[in-house]
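Open the model in your viewer and keep the selection tool at hand. The stops below are meant to be taken in order.

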Amino acid sequence: MVDLLIREADVLQLRDESAEILAGHDIAVSGSRIESISPCGTINPSQAKTVIEAGGQLAMPGFINTHAHVPMALWRGMGEDVNIESWFNDIIWHLEANLEPEDVFWGMQLGLLEMIEAGITAVADHYWHMDYAARAVEKAGTRALLGQAMFGADGLEQIDETATFVKRWDGAAGGRIRAIMAPHAPYTCDDDFLRASAKKAERIGSGIHIHVAETREQTQACLARRGQTPIEVLQDCEIFSVPTILAHALGATPGDLEILADLRTPVGIAHCPKTYAKLAMGYNNLVEWRALGIAIGLGSDGAVSNNTLDLWEAMRLTAMGQKQLTGDAENLTIPQALTIATAESARVYGQPDELGDLAAGKLADIILVDLSGTHHFPLNSATASLVYNARASDVRTVICDGQVIMRDREHLTLSKDEIVENIGPRLERLRRRENVTGIQTYKL
């Protein structure tokens, strides 16, 4: 007996950055893992507890969102047409001063609901009140790497508090939830705070998720102020002694890239192209980064700088943005874009041997995508359609850790009505900016 049998699916396989579609295959799942992928009819449906008839839908790994602030969906549409300094100082850090712990529980559910509908099964989230976020993830049935955001101005004692959070949640929900240390950035955490965070992470066996070199202007200001780039600051503060997710790194210099390429600990960069385009932050040459062996994962960032948590958009913008940046339409090919969205994002997320691929023994995080829509016809290339045509609404069924959490667009773990009902009464308070002191000040 197997627990789940997905019948007659076309299965996306990525090997050495070549993309192949296995037509008409069955995927057998036992417990939380894929048991086999075999030609249709190999396994008798009577041998499965649950059967999903895919009917030619495309099966692929669930997307992994390598950098997000999921509860910020509460303020979607409130950071429009401003530069990054105004976005921080006039908008988001005032709005976040209104945040209460229970808001995070409902805001996290809202974002998870949206991500499930877009085929995202895992997220590396960096925010506050993360016990409440963890409860939401437990309920949703998704996977998450949760970081309790820390500002240096709030004192060194929060490092111990965050370590307690990590110990409390790391490995929870049957391993679906992991936890990580999350100092905000080198411009909001001084060197002593960063060193203490790194030492604590090493001591408790955790990693670090941090913003760094978000813009080239940040890097130039850091060089002028102290003669180092932000990434060099992190190196000196021993952040890279543990596995690290670097959010953005748009201001990375050639010397910074050499540092990252030479590291022995796993360090990856979360790339959030919609935020970069919206806030006019620029792009980096990911083709050069990947040639150095630096792992790149897709990220949404928060919905105040992105408006959606849709990684189909991020994958498409990544591919097209690299072609535009380099002036070479042959750069960032379809197989490479799909690899970044799957296996490479799994590297950044910290589970390269278990996620990002459909193969026997891997964790069963699987999505079924319907490519029968008008916007896919005629389907001359399924892989091209995934990168350049697909929409979040094409995702029909979502499986995480072997459990079906959305089937034929019907949510099985979260209730949109309940989420909307609980968020609605909070919005007036959450939207206040008058007479509200910002939680931080952004300055280069």
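In which hand of crossing does α4 pass α5? The crossing is right-handed, the near helix being turned clockwise from the far one by less than a right angle. This is a predicted model, where local features need pLDDT of at least 70 and side-chain atom pairs count only at pLDDT 80 or more, while totals for chains, interfaces and linings use all residues. Residues are numbered from 1 along each chain as its sequence is written, and side-chain values use heavy atoms, with hydrogens and water left out.

Select α4 (residues 157-169) and α5 (residues 191-204): their axes, lines fitted to C-alpha atoms over the stretch in contact, come within 10 Å and cross at roughly 30°. That makes α4 roughly parallel to α5 (an angle under 35 degrees). Residues making the contact (heavy atoms within 4.5 Å) include Ile 159 and Val 166 of α4 and Phe 193 and Ile 204 of α5.

Next, select Trp 75 and Trp 312. Of the 118 residues in the largest nonpolar core, these two touch the most other members; such a core is a set of buried (under 20% relative accessible area, 1.4 Å probe, protein chains only) Ala, Val, Leu, Ile, Met, Phe, Trp, Tyr and Cys residues joined through side-chain atoms within 4.5 Å. Helix α2 (residues 101-117) gives the largest share of this core, eight residues.

Move to Phe 377 and Pro 378, joined by a cis peptide bond with omega of about -5°. Pro 378 sits in the loop between β14 (366-369) and α13 (382-388).

Finish at Ala 249, which has a positive phi of about 55°. Ala 249 is buried, at 0% relative accessible area.

Methods. Axes are lines fitted to C-alpha atoms, for helices over the stretch in contact, and angles run from 0 to 180 degrees between N-to-C directions. Helices (H or I, at least four residues) and strands (E, at least two) are DSSP runs, numbered from the N terminus. Angles under 35 degrees count as roughly parallel, over 145 as roughly antiparallel, 65 to 115 as roughly perpendicular and the rest as oblique. Buried means under 20% relative accessible area, exposed over 50%, partly exposed in between (1.4 Å probe, protein chains only).
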